[in-house]
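Colleague: I've got a model up on my screen and I'd like to talk it through with you. Let's take it bit by bit.

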Amino acid sequence: MAALGTLTGSGNWFSALALGVTLLKCLLIPTYHSTDFEVHRNWLAITHSLPISQWYYEATSEWTLDYPPFFAWFEYVLSHVAKYFDQAMLNVHNLNYCSSRTLFFQRFSVIFTDALFVYAVYECCKCINGKKAGKELTEKPKFILSVLLLWNFGLLIVDHIHFQYNGFLFGLMLLSIARLFQKRHVEGAFFFAVLLHFKHIYLYVAPAYGIYLLRSYCFTANKPEPAASSLFPTLSFQEGPLPCILGSKLLGLIQCFGQSSVSHCLLSVEKAGDASIFLILTTTGHYSLFPLLFTAPELPIKILLMLLFTIYSISSLKILFRKEKPLLNWMETLYLLGLGPLEVCCEFVFPFTSWKLKYPFIPLLLTSVYCAVGITYAWFRLYVSVLTGPPVSKTKKQ
């Protein structure tokens, strides 16, 4: 406890968390990697060895470049570092090439670019309300949020085992959200626009961003900006600007259409209701990622990491909201506990049945259906919370 106290006073606890998870990522370097590893190696080769005019037409490999231009330039920059590790990885015709140096470079490229994610988490933590802060470091909302984001199970297995660059992209997303909270709306909009040019899947967030910026930036203090007034002459807002996106339900609605529970972490430390939804969404969503890691050596890794993250999420949020009603009711608790028997059935029982050869898809089917129920339920609860909750202006006054 004395060590924790020292970290609290100096602010070094965040650096310790970031360093700790970075070391864990390094330990995951030798693990299984998916075809996405070859996808990104091929994109390195395309952007490095071909003129720009051919980047989106090169089809030697089936894994053609299909991300927006900024990601192509991102691969181009990485390729100029990659050539110092192994020049052969940058040959378009070296399909499925994977030397030890190639493996180390690509793994470390994900770890290194996660620095943006770490910085974005730090910026988001600065925006968190500290009124519920306990005496102990581990009870502080900022500490809990930092752990939930930096040590996020989904990002760990998808980026650092399966292989992708989601941490870097979520870094842009979280940095944009942090800037909106800090009332630096233009910067927030800029980072989100940059994000769209890296990965087009984030377009699902654009409508919410547009509405939020209209409400909080274009129409502020009951006086719409001249440009906004001419574009939307019929809109009239009688209340002040919306509270920060971290404290609103808007982000939660955005997240229900998202890929993981990363963004919803921001809401989980603000209100008990949102923490409850987060626990259901994150536990179910994380378990739904298990089929991505189907090799035997990764089985204990994914089970252990998810158990540790889930136990911490539930225990830390229960402590944070200990003065309020239980975060999960009996039905929700029973549903989440059901993930255990489901895992035993899919991983340890089904492989020894006669159905394995005839119906190999059954474990994936059971996992998909079971998790779909939980995620849909979380989505439904979030919408009910939005539609039946108190008006924004009243919440702000309270």
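Colleague: Which helices do the buried residues of H16 pack against?

Modeller: Helices (H or I, at least four residues) and strands (E, at least two) are DSSP runs, numbered from the N terminus. Buried means under 20% relative accessible area, exposed means over 50%, and partly exposed is in between (1.4 Å probe, protein chains only). In H16, residues 330-337, the buried ones are Glu332, Tyr335 and Leu336. With contact meaning heavy atoms within 4.5 Å, they pack against H14 (272-287), H17 (339-349) and H19.

Colleague: Before we go on, what pLDDT do local features need?

Modeller: Residues are numbered from 1 along each chain as its sequence is written, and side-chain values use heavy atoms, leaving out hydrogens and water. This is a predicted model, where totals for chains, interfaces and linings use all residues, side-chain atom pairs count only at pLDDT 80 or more, and local features need pLDDT of at least 70.

Colleague: Back to H16: within what arc do its buried residues fall?

Modeller: An α-helix has 3.6 residues a turn, so residues three or four places apart point the same way. The buried ones in H16 are Glu332, Tyr335 and Leu336. They line one face of H16, because seen down its axis (using directions from the helix axis to the C-beta atoms) they fall within an arc of 95 degrees.

Colleague: And which residues are exposed on the other side of H16?

Modeller: One side of H16 is taken by the buried residues Glu332, Tyr335 and Leu336. Turn to the other side, and the exposed ones are Trp330, Leu334 and Leu337.

Colleague: At the start of H16, which backbone nitrogen does Asn329 reach?

Modeller: We're after a polar contact: a pair of N or O atoms within 3.5 Å, where, within protein, one must be able to donate a hydrogen and the other to accept it, and residues adjacent in sequence count only if both atoms are side-chain atoms. Here a side-chain oxygen of Asn329 comes to within 3.1 Å of the backbone nitrogen of Met331.

Colleague: Which residue forms a salt bridge with Arg381?

Modeller: A salt bridge needs a side-chain nitrogen of Lys or Arg within 4 Å of a carboxyl oxygen of Asp or Glu. The closest N and O atoms of this pair are 2.9 Å apart, and the partner of Arg381 is Glu332. The pair links distant parts of the chain, 49 residues apart, with Arg381 in H19 and its partner in H16.

Colleague: How far apart in sequence are the parts tied together by Asp114 and Lys25?

Modeller: Asp114 and Lys25 form a salt bridge, with their closest N and O atoms 2.8 Å apart. Asp114 sits in helix H5 (residues 100-125) and Lys25 in helix H2 (residues 13-27), so the pair ties together parts of the chain that are apart in sequence by 89 residues.

Colleague: Is Thr47 buried or exposed?

Modeller: Thr47 is in helix H3 (residues 35-49). Leaving aside neighbours within four places in sequence, its contacts are Trp55, Leu65, Ala72, Glu75, Tyr76 and Ser79. Its side chain also reaches the backbone oxygen of Leu44 at 3.2 Å and the backbone nitrogen of Tyr76 at 3.5 Å. Its relative accessible area is 1%, so Thr47 counts as buried.

Colleague: Which helix gives the largest share of the nonpolar patch?

Modeller: The patch, about 590 Å², is made by Trp355, Tyr359, Phe361, Leu365, Val369 and Val373. Phe361 is in the loop between H18 (355-358) and H19, and is partly exposed at 47% relative accessible area. Three of the patch residues, the largest share, come from H19.

Colleague: What is phi of Phe163 near?

Modeller: Phe163 lies in helix H7 (residues 153-163), and is buried at 0% relative accessible area. Its phi is positive in a residue other than glycine, near 95 degrees.

Colleague: How far apart in space are Ala372 and Gly285?

Modeller: Ala372 is in H19 and is partly exposed, with a relative accessible area of 36%. Ala372 and Gly285 are 87 residues apart in sequence, but from C-alpha to C-alpha they're separated by 8.7 Å.

Note on methods:
Patches are made of residues with over 30% relative accessible area and no salt bridge: like charges are joined within 9 Å, nonpolar side chains (Val, Leu, Ile, Met, Phe, Trp, Tyr) within 5 Å. Accessible areas come from the Shrake-Rupley method with a 1.4 Å probe; for residues, only the protein chains shown count as cover.
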